[in-house]
Amino acid sequence: MLPSTEDEKAKVADYFLGQSSGGTKVLFLQKVYSESIIGHKHDVWDVHAEDGRWWIITNPTNLYSQEQFPNMDLAVTFHVGLCLRIPRTQKQREPSGYIRPFAEVYQSMAQADDALSQADAVADFQAIGMRCRECLLAFVAAAQDHIIWTDEETPKRADFRAWSELICNVALSGETNKERRSLFKKLMAEAWAYSNWLTHSKTATWHDAEVAFATTEHVLGFTISLVLRHVKEVPEKCPKCGSSKLWPENGYREDIPHVTWERPVCSNCGWRGAPAIVDWPDSLEEVVELITREGAEETECVVPEEPLRSILRPGEDH
C-alpha cells in the first residue's frame, strides 16, 4: 500500500460514487501502485464496494472492474493506451502556454546509451561525445521553443553556454538561490566542456565515453526538472504553511476536457497553486521509454481469454 491523503481518498470515493448507477457504496479503498510515464503520473487504487472490486486509475481518472481486469498490469496497460488514443483537436495543439515534455532530449539520450553499449573504438567514443553535445543542444532548443525567458535580445539558438546562463539566472533568480544557481551553471558548463573534449580526443577510452554519458544524463535530469518547476510555478515550500510536502494535482476544464491541467498542492494545509497546462506528445512516435514505478510488484503477463465488448460500471450486472 502507498501513502495517501484523506483528500485523495475522498476524491477517489466521490468519483466512484459519481460513476455508479446507484445502490452501492465504498467499503474500503487504498492506493496500491503508481507509475510515471513521460512525466504523467498514474495512481492505481484498489476499491472494494458492495457490488465488487474495482481499479480506479488517475490522470485522467477512469475505473475498471476487477472481474474484467483481474490483473492490475493489464488494467494499467489498457488505461495508458486509452489515454494515448484520446483525440486532440487542432485548437488544443496551440502552443501558447503549453508545457511539452522534453521527449526529443530523452530520445537522444536513449540513442546515446545504445551507442555506448556498442562502442569499442576511438571513433565510437568520440561519437558518444558528439551525441552528448546534441542532447545538451536539444535541451536548450526545447527550452527556447516553449518558454519565454526574457523580453530582451536572446542569445543565438545554438549558443549553449549563453542559454544555460540565461536559464539558470531566470529559473534560480535572487540572492537565496545564489549557491543553487552557481552549481547548476557549473554542472552545465562542465558537461558541455567535457563532451566537446571527448568529441575531438584521439586518446578517448570507453570509460571517458561512459563518464560523458552519465554526466550529461544527470545534468539534463536536474535541469529539465528545474525548467518544468519554473514554468509550472512550483514553489520550494508551501507559501501558506511552509511545508515541503507539495504534490501535483491534475484537473480538466469542461470546454477542453482532453487537456490536462496541473497545479501544486500542499498535502499539509491544502494550499493550491496556479494551474498550468500539461501537453502530451503529438504522436506515438514521440513517446519514449521514461517510466518510473512505485508500489505493487510486477505480475505475470495476462492474455484475456474472452473479448472485451463493454466496460462495466458500478451498479451494473456483472
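Predicted model: local features only at pLDDT ≥ 70, side-chain atom pairs only at ≥ 80, totals over all residues.
**View 1. Asp-7 and Lys-11 pair within helix H1.** The closest N and O atoms of this salt bridge are 3.6 Å apart. Both residues belong to helix H1, which covers residues 6-19. They sit four residues apart, about one turn of the helix. Asp-7 is partly exposed, because its relative accessibility is 32%. Lys-11 is also partly exposed, at 38%.

**View 2. Asp-7 and Lys-11 belong to a network of salt bridges.** Side chains of opposite charge can pair when their charged atoms come close.

**View 3. Glu-8 forms a salt bridge with Lys-31.** Here the closest N and O atoms are 3.1 Å apart. Glu-8 lies in helix H1, but Lys-31 lies in strand S1 (residues 26-37), so this pair ties together parts 23 residues apart in sequence. Both Glu-8 and Lys-31 are buried. That puts each of them under 20% relative accessible area.

**View 4. Asp-145 and Arg-157 meet through their side chains.** This salt bridge spans 3.1 Å from N to O. Asp-145 is in helix H4 (residues 122-146), while Arg-157 is in the loop between H4 and helix H5 (160-171), so the pair ties together parts twelve residues apart in sequence. Asp-145 counts as partly exposed because its relative accessible area is 47%. Arg-157 is partly exposed too, at 45% relative accessibility.

**The whole structure.** In total, the model holds twelve salt bridges. The pairs shown above are among them.

Notes. Residues numbered from 1 in each chain as written. Heavy atoms only, no water. Salt bridge = Lys/Arg side-chain N within 4 Å of Asp/Glu carboxyl O. Helix = DSSP H or I, 4+ residues; strand = E, 2+ residues; numbered from the N terminus. Buried < 20%, exposed > 50% of the residue type's maximum accessible area, 1.4 Å probe, protein only.
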